[in-house]
Amino acid sequence: MGVERLAAIESARLVGREPLKYGALVAGMYALSLKDGELGKVIRTSYLFLRHIDDYLDEGKENPNGRLPYVLDLRNQIESGGFAREPKIAELAKYSLEVLERKAGPSDNPRQDFLTVIDSMVFDYKRSKERSMLSNEDLNDYYHDTFFSVVNLTLIALGSQFRANDIPALSYGQGRVFSVRDLEEDWQRGVINIPKEILEQAKLTQYSTIGEVKEHTVIRKWLYDELSQSKEELIAVKIKLQQSGEKFTPRLCNGVTKTASQLLRKYNSV
């Protein structure tokens, strides 16, 4: 099966499942190909491959170990570079790596970036089983491991002079804003992205109901502060990227900043 056909199948799956959440994203990835065919294709294949793994693990949450072998097999194929004919989804990763390693600079390691993101997904999968709470420091480390690698892969694809370490607020901003956006969904599946210190201050636990969490004044203030800080930092990052003269990189901030603004209106009554 060709890479574009696989990407189309994965795209249709996402949009069919949650059109409001994924429709514009998928359309944007295909629209990018109108300006740069290879760029659009590598962005699609990278994102859809990682999205496939994340969704696969989430769908198997009722069985703690049943889905890990599939994911670890894909991880091993990436690590070794020995891609098998099955599962077919690995063709997306193979194509992505071929392009990204060609475009990578001397200090880049897109293969390791892929592995780090997968490891973060497996970490999420495991911690959801016990509804583990993370400290604020641990949560920031989690955002670093997940989003720095995602941002690096994107910047390599774009041919940018920047890397995640140059603009850390973009990675941390994505982690915080998306955690607020997906708070209810994550809480229900056992992924607790509110720091242990904040929950304790609110006299709540990982077993409190999502209603108790969302309506508590302490939590709402913390959510507002996270969004407010992230929005300010993302605007500063966008200005820095615009001043660089790069064509596409400033747009990396747009969706996250827009989401932060929308959510701030929701949590501004604290």
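Student: Are Asp108 and Arg163 buried or exposed?

Tutor: Aspartate 108 and arginine 163 are both buried. Buried means under 20% relative accessible area, exposed means over 50%, and partly exposed lies in between (1.4 Å probe, protein chains only). Keep in mind that this is a predicted model, where local features need pLDDT of at least 70, side-chain atom pairs count only at pLDDT 80 or more, and totals for chains, interfaces and linings use all residues. Residues are numbered from 1 along each chain as its sequence is written, and side-chain values use heavy atoms, with hydrogens and water left out.

Student: What do the side chains of aspartate 108 and arginine 163 form?

Tutor: First the general idea: side chains of opposite charge can pair when their charged atoms come close. A salt bridge here is a side-chain nitrogen of Lys or Arg within 4 Å of a carboxyl oxygen of Asp or Glu. Aspartate 108 and arginine 163 meet in such a salt bridge, at 2.8 Å from N to O. Aspartate 108 sits in the loop between α5 (90-103) and α6 (110-130), and arginine 163 in the loop between α7 and α8 (168-181), so this pair ties together parts that are 55 residues apart in sequence. Helices are DSSP runs (H or I, at least four residues), as are strands (E, at least two), numbered from the N terminus.

Student: How many salt bridges does the rule give?

Tutor: The count comes to 23. One of them pairs glutamate 4 with arginine 44, at 2.8 Å from N to O. Glutamate 4 belongs to helix α1 (residues 3-17) and arginine 44 to helix α3 (residues 37-59), so the bridge ties together parts 40 residues apart in sequence. Glutamate 4 is partly exposed at 34% relative accessible area, whereas arginine 44 is buried at 2%.

Student: Which residues form the negative surface patch?

Tutor: Patches are made of residues with over 30% relative accessible area and no salt bridge; like charges are joined within 9 Å, and nonpolar side chains (Val, Leu, Ile, Met, Phe, Trp, Tyr) within 5 Å. In this model, Glu137, Asp138, Asp141, Asp145, Glu197 and Glu200 form the negative patch. Two elements, α7 (136-158) and α10 (196-201), each give two or more residues to the patch, and α7 supplies the largest share, four residues. Glutamate 197 is found in helix α10 and is partly exposed, with a relative accessible area of 39%.

Technical notes:
Accessible areas come from the Shrake-Rupley method with a 1.4 Å probe; for residues, only the protein chains shown count as cover. Lys and Arg count as positive and Asp and Glu as negative; His and the chain ends are not counted. The place of a charge is taken as NZ of Lys, CZ of Arg, CG of Asp or CD of Glu.
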